[in-house]
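Keep the viewer open as you read.

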Amino acid sequence: RSWKYNLGKTCFLQRDIKRTEGGDCNDDVSRWISGDTGLRLTGLTPDHVAADSMFSLSVLGVTLPQKPDLHDTTASRQRIKIVDADAENCADARQPSQVSGVGCSGSSYCAPKPSASDSGSASWSDISIAAASMAKRYKVCYNKGYTYDRYSWYQVPGELQVSAANYTWSTDPTPVLRSTPTMSITVSRPPFSTYTDAADWRIKLIRDFYDCNAVSTDQRIAFDGVAQPAADSGAPTGYTGPDGESPDYAVWADVDLSSLETERRQNNYTVCFSDQGGAVGSFFPVPNRDGSPIFTVEKLAGDSSQRRDLFTNQKLSGRSDQINVLKLQGFRLHLPSASRIGLLPASSTSTCQEADVGDFAGAIGRVDETTSTEEAYDFSVPLPFDDSNTLLSYSICYCDAQNLASLSAPGGGDPEPSFIVRESIKATAANIQIPLANVHEDWRDFGCYDMCSRGCTGRNCFCSGYQPDLGDGDQALCLPATLCRDACEATETCRGFETHTANSRCILLTQTIRDCANSRAVTGSTCAQSGTEYTDDWNHWSYDTREACRADGSFSKKIGTLVMTSRPFVNHDWVLEPNQMTSIEVLGTDLDQMRDRIVVIDCKGTCGVSNPTQALSVPDTQVAQATTSECCGNEASTATVNPWSFFNLWVPVNDFSDAASEDTSDAPAASDGARYNVLEQSYCPGNMDITNVATVRDDQCYNKCTARECQDTEDESCNCEGHYYGYDTESSNALCLTEAQCKEACRQVEGCYGIDMHRSKPRCFLNTADCRPFVMNSIQGLTATGLSQDLNYDFHYKRDDIPGRRLDQRRLQLNVDNGWSWGDILRYRYLKFRSGGTFTACFCDGVHKMQTQEACSTAADYNVKIGTIHVSGVSCLVSEPRFQRGVCCPQFWGGLRCYTSRTTCPAIPAPTATPATPPAVVPPTTDTDQAAEIISTWCAFGPEEYRTVALECQQVAQGPP
C-alpha cells in the first residue's frame, strides 16, 4: 500500500504509511522518498442479493480516501451508483429506477455518503433493488469525491446479481391509455417458485412515489366497481392463465379507470402485491413481465403536460383611481367559469391559504366571460382610491370554481349555482337530451337547423356547430359554451349540458353523469352512470346547487402580486418604427421628471423581474474603458456597463438640461477648458489602471518618489509629500500631482471622467465613466448608492461629460408644449429598436424610492407595468384590429401613442406651474447649525444646473433679512 526509498538504493514496501506524532522523529529523512500506490479498487461485497430486500454494499480497495492531506479528498465525499451491467461507461450511465437507497441527479451527482469507511473499504447501507421478471446483473460505479469529473468515475471489479421476481403482472389491454375505461390485471408466478394460495393474493395500485405499506389504492381507481379508498383489491375475480385455470395465476377484471380520463397527463403507478391475504405490512412492489417496476396510464398523443390552470407568480399593475381589468394568463382555461380572485393587502397578517372572505374587504372579482379566453381570464376588481402617491401591493388569491372544495351551500339572496365540467366525456343515451321544443323560449331560436339551414348573418349567428346532414332532426343548439350555460339555467328541466370543444354546438341534458340529487332532479330519475363515451371533442357539464367561492378558505391559491399606483397610467400602447430614433410618452398625474424612470423589457418578461431587452439602444449603454499602452501595443477594449445604471441616467426630456446626443459612444474627450463639478468628502470606488499609461506613468507616486527618487528643484516640485511610503507599490494607481496637474492628466488620458483629489496633499486618482451612476445618485441625495465617503478626498467630475446634464438657460414655458416633460407627461427620447416585435414598458416610481433613499437601480425597482410597445410601425395599425377601432396620437419626439377604447386623443393639460424641483439639498436633520452648513456648502459647490434653481440657494444668496 505504501513504499519508501533511500537514495542509497534501499527500497521498502509497507502495508500502511508510517506517521510520526509530535515531531519527535530524529532520523535524517533528507535521503528518503516515500509514497503510496494510489487508489486501487479490488471488488465489492455482497455479489448476490435477493430482490426487494435491504442490504449493505461495500466497495473494497486499497488507500481509499481518509485524510485530505494525503488524498485531496475525504471519506465522506465518496459516492457510488448502481447501473445496468451492460451500461457503456460509468461516467454517462444513469442509475435505474429499480434501485433504492442510493439516489442520483442525472449521471453525476449521487447521495448519500458512506455509512462506514476506512482505508480498505467503504460501505453504504439500506439499499434495495426491485425485482424484475428475470435475474438481473448490475455493476457498481465508484467516485472518490469528484463526481463532476467524468474521469473520476471507476467501475468496481465484479458484478452485483439480483434474483428474479417470484411474481409479475400484466394488463389487458396493453398499453393502458387515459381513455381506457376498464382493464384487467393478471399476476402470475413460475410454477413451484412459491406455494401460497392464489386466493390469498391481493394487489394495490398506488402512485409511484408512495411506499406500498403506507397508502391504499388511488381513490380514482375502482376494483370490480368497489369505490376507493379500500385496503386492497379484494380477492381475485378469476384464476385463468394462457392454458386455462391455473394455481399460478390470479386475475382482477373490470378495474375502473374512468376517473382518469380527464387527466391530460401521464400517471405512473406501482403495483403492490401481497401473498398473505393483504395482511398489514405484507405488500411489496412487483414488476411487469418486461421487468419494469412502473405501471403507466399513458396520455394521448394530443395531450399536453401543462396543467389546465392559471399560471402562478404573475405580476400585475393597476391604477387606483380607475376600474382595473386584471388579465391573468393561463393554459386551456375553462369557459364558462365562476372562478374569482381576491386582493389581499400586503399589510395583512393572513396569507391566501389563511384568509377568510372578509379579509378581502370586498376586493373580489369574478371572471369576465365576455372578454376572457382559454389563454387568459379577465377580472374587474373594485379597489378604494388612494392618492397618497405611494405604491400599494396586494397578493392575488385565486378561487377555482372547478375545485369541489370551493363549493358551499347557498347563502342568502339570489343563489348562484355551479356547473362542474368533466373533460372529454359525452353521454350516449339519447333519451336524456332535451328536445328543442322543451328548451326555454328565449333560447329555442338558436336551434342549429332552424337558425343556420337557410343562412344566418349577424353577431348572434353561431353556425360553426351546424351539421347539415342531420336535417330538421338536429336537436342541438348552436351556442358557445357560456351561452349554453345560460340556456340551461333558463330551462327548467336542464341539469347539465355538453359542449363541442371546436365549434359552437351544445346539447342540454335532463341527467348528467354526476350525482343529480339537487333541486332540479326529476322525480324517480337516476344518474346516468352508464352510457358514456370518451371523446376529445366534447365536454360534459353537470349542475350543482352549491355556490363557488363563498366559503372561507376558498381563495387558497396565490397566483401573483398586484402593484397599484396613483401616478402613471398603466394602459399605454405605443406603436413605433424599428431602426429609427423615436420616443415614449408616459401620461399620468404628479409625475416627477427628476426621479421617475422607465425600462423596456421583452414581451414575455415580467416587470420587477426581467432585465432590459437587448433589442433597444438608449444613450450611453456602453462606455469605452480603453487604455492603450505605447510600450506594449495592447489594443483598446470596450466593457459593457451594468444597464440598470444607465436606465437610471435615462431621464425624461426636461427644462433643466438638454437631452443626450443621439450617439455618445465615441464622444470626444473634454477640452482644455472642461469645467468640473465637485462632490466633497467623497471618492469613487475603483480607479483607472495607470501603471501602463505612458502619459502619466512618470507621475505615479511610487515610480516618481521611490523608484526614481525624484528631487525637488527651484522650478519644479516632485510633490512627493503625496506619496505614502511603504503603502504605495509599483501597482498603485496614486499620482503625485496637484489638482490642476491631475485635471490636465485626466484630459490627456482617454476615457478619464473624474479624479479623486486629496484635500490637503498633491495626491490623486483617475476614474472612468463607471462613476457616473454613483455621481447621479449622490446628486439626488441617494447616499446609500452614491459615492463612497472619505473626509480626506473630494471627487471632481467633468461637467460637460455628463449626458443630459448640460446647463441650458431655456425653461419650461407656461401653457406652451415645447417638448419637455412635466407633471402630466414624461417624454423619453432617443430610443432605437434594432428589430421589430412586442415589448413591455416598466415604470420605477422614483418618488416612492426616494422615501427610502434609494435609486431605480435593480430589476425589482421597475415593478409597475405601464403599457405595451409595438415595434412594427404603420403595419401594426393595419394588422391589429383593436387599433383599427381606436385612435393613435403622434408623439412630440416621434412614434404613436394609441388607444383602443377612445376615438379622440386625450387632452394633456398644458404646463401651468414650475416643473418638479431638483432633489432636496438638506437631508433630514434636527440640527439647524448642521443644516445651515450643508446648505451653504451645497450651494457653493453643488451642480450648477441645480444650484441655479434651488430655492434654498436663492435664500442663501440673499442673506439674512
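A residue is called buried under 20% relative accessible area and exposed over 50%, and partly exposed in between. R332 has a relative accessibility of 24%, so R332 counts as partly exposed. Please keep in mind that this is a predicted model.

**Backbone features**

R332 also has a positive phi, near 50°, although R332 is not a glycine. You will find R332 in the loop between β29 and β30. That loop holds P336 as well, between β29 (324-331) and β30 (340-345). The peptide bond that joins L335 and P336 is cis, with omega about 5°.

Another cis peptide bond runs from A111 to P112, with omega near 10°. P112 sits in the loop between β10 (109-111) and β11 (116-118). A positive phi also turns up at D126, near 55°, again in a residue other than glycine. D126 belongs to strand β12 (residues 121-129), and D126 is exposed because its relative accessible area is 52%. For context, most residues other than glycine have a negative phi, and most peptide bonds are trans.

**Disulfides**

How many disulfides does the count come to? The count comes to 20 disulfides. Three of them are set out here.

| Pair | S-S distance | Torsion about S-S |
|---|---|---|
| C104 and C110 | 2.1 Å | about 105° |
| C607 and C842 | 2.0 Å | -80° |
| C888 and C898 | 2.0 Å | about 110° |

The torsion of C104 and C110 makes their disulfide right-handed. C104 is partly exposed at 26%, whereas C110 is buried at 9%.

The link of C607 and C842 is left-handed. This pair connects distant parts of the chain, 235 residues apart: C607 is in the loop between β43 (597-602) and β44 (616-617), and C842 is in strand β54 (residues 837-844). Both ends are buried, C607 at 7% relative accessibility and C842 at 1%.

The disulfide of C888 and C898 is right-handed. It links strand β56 (residues 887-890), which holds C888, to strand β57 (residues 896-899), which holds C898, with the two cysteines ten residues apart. C888 is partly exposed at 22%, while C898 is buried at 1%.

**A charged patch**

On the surface, D712, E714, D715, E716 and E721 gather in a patch of negative charge. E716 lies in the loop between α7 (701-707) and α8 (739-748). With 58% relative accessibility, E716 counts as exposed.

Note on methods
Residues numbered from 1 in each chain as written. Predicted model: local features only at pLDDT ≥ 70, side-chain atom pairs only at ≥ 80, totals over all residues. Heavy atoms only, no water. Patch = residues over 30% accessible without salt bridge, like charges linked within 9 Å, V, L, I, M, F, W, Y side chains within 5 Å. Areas by Shrake-Rupley, 256 points an atom, 1.4 Å probe, with all protein chains shown as cover. Salt bridge = Lys/Arg side-chain N within 4 Å of Asp/Glu carboxyl O. Lys, Arg positive; Asp, Glu negative; His and termini not counted. Charge placed at Lys NZ, Arg CZ, Asp CG, Glu CD. Helix = DSSP H or I, 4+ residues; strand = E, 2+ residues; numbered from the N terminus. Buried < 20%, exposed > 50% of the residue type's maximum accessible area, 1.4 Å probe, protein only. Disulfide = S-S within 2.5 Å.
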